Every structure is written in structure tokens, then in C-alpha cells.
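Visitor: I would like to learn how to read aromatic rings in a protein model. Please take me through an example.

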Amino acid sequence: TVIDNVWLPLKPGMRWVYEGTSIEGGKSASHRIEFTVADLTKEIEGVRTLVAWVVYISSGEVVEREIAFYAQDNDGNVWYLGEYPEEYDGGEFVAAPTWIAGLKDARAGIKMWAEPQVVRSSYFQGWGPAVDWSDYAKLDEVGQKTCVPVDCYEDVLVIAESSLDEADAFQLKYYAPGVGNVRVGWRGADAVQEELELVEFIELPPENLAEIRSQALELEKHAYEISRDVYAHTQPAELIDPTLH
């Protein structure tokens, strides 16, 4: 659960907020993503993962809430082991396309290599065939510069992401050393055309982190009720040992 990868450092209490626009229903809409690392761990396929709490907001309305699971191996590579996303329309629950490594033929994938500059071929970020989750990525650019509301960054790494059901459509993610993802862009036939910038990067105080933990555990409680064929077969999330971080 100690994730200190220079391109994707994840520590309990760290919070990234992104704002921008995306195309929805043929029209441009404001988009906001709040990504926070909770002080929770969950065992998946014998691996202790860190739990992330993610909220997606479109035109001021929460359209998705998600708990996602990350772990770092001994070589410094960050793995993605699954996710439970709840989608909403008008505040009403719509669906929860869940995939967890080891269940329903799902497999973990690489979210960030320890040395991504030397990885020249594309790679899967995970594999969830039961819900058609097939995201893959490849190195796009290195040594870039970019400025966002939080700061200006150099030596930025650009990763191009897509999935098997998208033809010539890529989401471009810009990673700054020591910070992580600072910008999102797009290229090709991407129907969503999401563009985001990092507007907040902070470490939450204990009381705020406790609220994030509470929300994540509440979503997990619902996950056990909704996803009986996948999530119900996982071990409950637990409070992480603070001495490990």
C-alpha cells in the first residue's frame, strides 16, 4: 500500500481536483473530478490495495461515485486491481459496472510503470470482460511543459489511453513528477473530448479524511447489496495502518 511512484504518488489524504469540459449529448458541459486517496485498504487476490474515492460531477450534478483499488509492486510499478463505480441520472442510481481482479475473468493491469520512459509498447491498465472494461495505454510524449491553475510543470510525461471498443480515440493524461496527473486532453475520434486541468492539490486534515472514509465505506456497503456476483465476493475494506505511510 506504499505507493511512492514518482509519476503517480498515492498517499492517504492526498486529494486532486480537476475542472474543465466534456461533450455530453452533443453539447459542451462543465466537468469536475475529485480524486482522494482514502485511509482504507482492501485485499484483492491476496494483494493489499489502497482505496481511492472518486466523484464525477457534470454541470453541477454528481453523475458517478467510485471506489477504486491501487497497489505498488516491489519494482515500483503501480497496478490497478478494479473498481466499483455507481452511475446516476437525475440523482437516481442507474448502474454499477464493476470489475475486480480475480473475479469474472478480470485481471489487474498497470496504471503507471516505475520507468515509463522505457516502455515502448502499449499495455492494458486492467481487464474486466464482464463489463467490457478494456482500457489500455501507451507512452505518447516525454519532457513536456504544461501550466495549470495549481502550478507550471516541466519534465511532464504524456500517456495516451484508449479501449478496445474505441477506434482512433485517445485520452491524453499529463503526469508531473512528484504530483501525478495534472492535465487531461484528447486526440482523434474521441466523442467525449474531455479537457481537464488540476485546480487543487492538497493533503486533507484528519477530520476531512475521516469524512472521505465514511463516504467510501457507505458506497462499499451499497456495493455488497448491488454487486452480488462480483463485489459481494470480496473482503471488506479496512482502516490502513498509519505507520506504513
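Visitor: Which residue lies over the face of Tyr80?

Guide: A charge counts as sitting over a ring if NZ of Lys or CZ of Arg is within 6 Å of the ring centre and within 35 degrees of the ring normal. Lys111 meets this over the face of Tyr80, at 5.1 Å from the ring centre. Likewise, the charged end of Arg187 sits over the ring of Phe170, 5.6 Å from its centre. The model is predicted: local features need pLDDT of at least 70, side-chain atom pairs count only at pLDDT 80 or more, and totals for chains, interfaces and linings use all residues. Residues are numbered from 1 along each chain as its sequence is written, and side-chain values use heavy atoms, with hydrogens and water left out.

Visitor: How many aromatic pairs are there?

Guide: Rings of Phe, Tyr and Trp (its six-membered ring) pair if their centres lie within 6.5 Å; planes under 30 degrees apart are stacked, over 60 edge-to-face, the rest tilted. That rule gives 13 aromatic pairs. Trp16 and Phe35 are edge-to-face because their planes stand at 75°, with the centres 5.7 Å apart.

Visitor: Where do Trp16 and Phe35 lie?

Guide: Strands are DSSP runs of E, at least two residues, numbered from the N terminus. Trp16 is in strand E1 (residues 14-24) and Phe35 in strand E2 (residues 27-44), so the pair ties together parts 19 residues apart in sequence. Ring pairs also link Trp16 and Phe35 into a cluster with Tyr70, Tyr80, Trp99, Trp133 and Phe201.

Visitor: Is Trp16 buried or exposed?

Guide: Both Trp16 and Phe35 are buried (under 20% relative accessible area; exposed is over 50%, partly exposed in between; 1.4 Å probe, protein chains only).

Definitions and conventions:
Helices (H or I, at least four residues) and strands (E, at least two) are DSSP runs, numbered from the N terminus.
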